[in-house]
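Could you walk me through this structure in the viewer, one selection at a time? I would like to know what to pick next and what is found there.

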Amino acid sequence: MVDRLNLDRLFVAILETGSFVAASERIGVSSGQASKMLSRLESELGVQLIQRTTRALSPTEIGQAYYERIKVILAQRDDLDASIRNISGTPSGRLRITAPMSFGNIQLMPALLAFADRYSSIRLDVSFSDHLADLVEDGFDLAVRIGRLSDSSLIARRLCDTRIVTVASPGYLAIHGVPTHPDELSRHACIIDTNFRTPNIWSFCNPTSRQPMSVPISGRIAFSNGEACMTAAERGLGIACLPSFIAGPGIYKGTLVTLLREAEPPALGVHALYPSARHLALKVRVLSDFLADHFKGKPEWDMH
């Protein structure tokens with residue numbers, strides 16, 4: 001039997017996500033079951049909460065009023081649960097995490113596997129995606145983000161830094177020469193990472209003035225994935241601009257050479273983000289502490 005609490009959570013999820021599919025994924029049921037759960041809640045209350053059309057879902061007037069009250073009650077209950085778990089000292093439950101694809105696969109995965117070994121009562125649900133998820137609306141407990149953080153109500157904990165490095169293979173440089181200034185990149189084939197905010201404009205510090213400078217680049221190869229860009233650079237297809245957590249192994253092995261080191265832009269921060277709450281759930285706190293300890297000091301990918 002589905003209890004009333006889950007019915008209310010589903011209702012809130014439907015309004016916040018705008019669809020049965022997304023809401024069902026958030027609470028862990030099928031979309032068909034989600035529809036039946038909403039019908040049951042409306043039957044128990046004796047009112048229609050949501051107007052359904054083939055194109056959209058929207059709350060009725062009483063549905064909107066119920067949503068405003070019940071989301072506060074659910075938040076208060078979650079706070080109470082978190083405070084009790086913190087007192088008990090036993091982290092447990094489902095922990096939903098989102099992180100960028102490449103950083104997640106290369107650097108975060110080993111940390112999460114070690115975390116899973118230590119905390120056997122926590123169920124990890126991890127999404128590696130370059131889509132910038134909304135923690136509250138998408139139901140995530142913690143996110144790992146790289147770079148500038150937008151103003152929000154989220155708590156940010158800095159884990160480490162990653163450099164942005166310019167690299168190429170020894171073979172490419174032997175044929176095309178080594179650029180000694182960022183402006184010279186316009187004469188080179190560049191491998192474009194379309195995940196960058198400005199894929200065709202790379203950022204540097206002027207080697208002389210140390211002021212920020214932007215350099216337009218071009219190339220015939222573009223990927224929306226840093227690892228793919230690294231592989232193309234290792235094949236000698238051009239110059240790539242990559243986070244050092246991706247390029248580090250290639251630099252260490254000698255398949256990539258670091259260029260324009262004196263013009264590197266400031267390092268980017270890697271942060272753990274989680275929603276603000278009066279009583280932070282113990283499962284989130286222990287993960288945040290674990291990641292901070294795992295990544296403390298100079299990252300291993302910059303040890304060369």
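This is a predicted model: local features need pLDDT of at least 70, side-chain atom pairs count only at pLDDT 80 or more; totals for chains, interfaces and linings use all residues.

A search of the whole structure finds 14 salt bridges, and we will stop at three of them.

**Stop 1: Arg-4 and Glu-44.** Select these two side chains and look at the gap between them: the closest N and O atoms of this salt bridge are 3.5 Å apart. Now colour by secondary structure. Arg-4 belongs to helix α1 (residues 4-17), while Glu-44 sits in helix α3 (residues 31-45), so the pair links parts of the chain that are 40 residues apart.

**Stop 2: Asp-289 and Arg-157.** Next, select this pair, whose side chains meet in a salt bridge at 2.5 Å, N to O. Here a helix is tied to a strand: Asp-289 is in helix α10 (residues 282-294) and Arg-157 is in strand β6 (residues 154-162), with 132 residues separating them. Asp-289 has a relative accessible area of 37%, which makes it partly exposed. Arg-157 is partly exposed too, with 30%.

**Stop 3: Arg-261 and Glu-264.** Zoom in on these two, which form a salt bridge with an N to O distance of 3.1 Å. Is each partner buried or exposed, or in between? Arg-261 is partly exposed, at 47% relative accessible area. Glu-264, in contrast, is buried at 13%, because the cut-off for buried is under 20%.

**Last stop: helix α5.** Select residues 101-118, the 18 residues of helix α5. From first C-alpha to last, helix α5 reaches 24 Å, close to the 26 Å expected at 1.5 Å a residue. Where does the helix kink? Centre the view on Leu-108: a kink of about 60° lies there, shortly before the proline Pro-110. The buried residues of α5 are Ser-102, Phe-103, Gly-104, Gln-107, Leu-108, Ala-111, Leu-112 and Phe-115.

Note on methods. Residues are numbered from 1 along each chain as its sequence is written. Side-chain values use heavy atoms; hydrogens and water are left out. A salt bridge is a side-chain nitrogen of Lys or Arg within 4 Å of a carboxyl oxygen of Asp or Glu. Helices (H or I, at least four residues) and strands (E, at least two) are DSSP runs, numbered from the N terminus. Buried means under 20% relative accessible area, exposed over 50%, partly exposed in between (1.4 Å probe, protein chains only). The expected span of a helix is 1.5 Å times one less than its number of residues. The bend at a residue is the angle between axes fitted to the seven residues ending there and the seven starting there.
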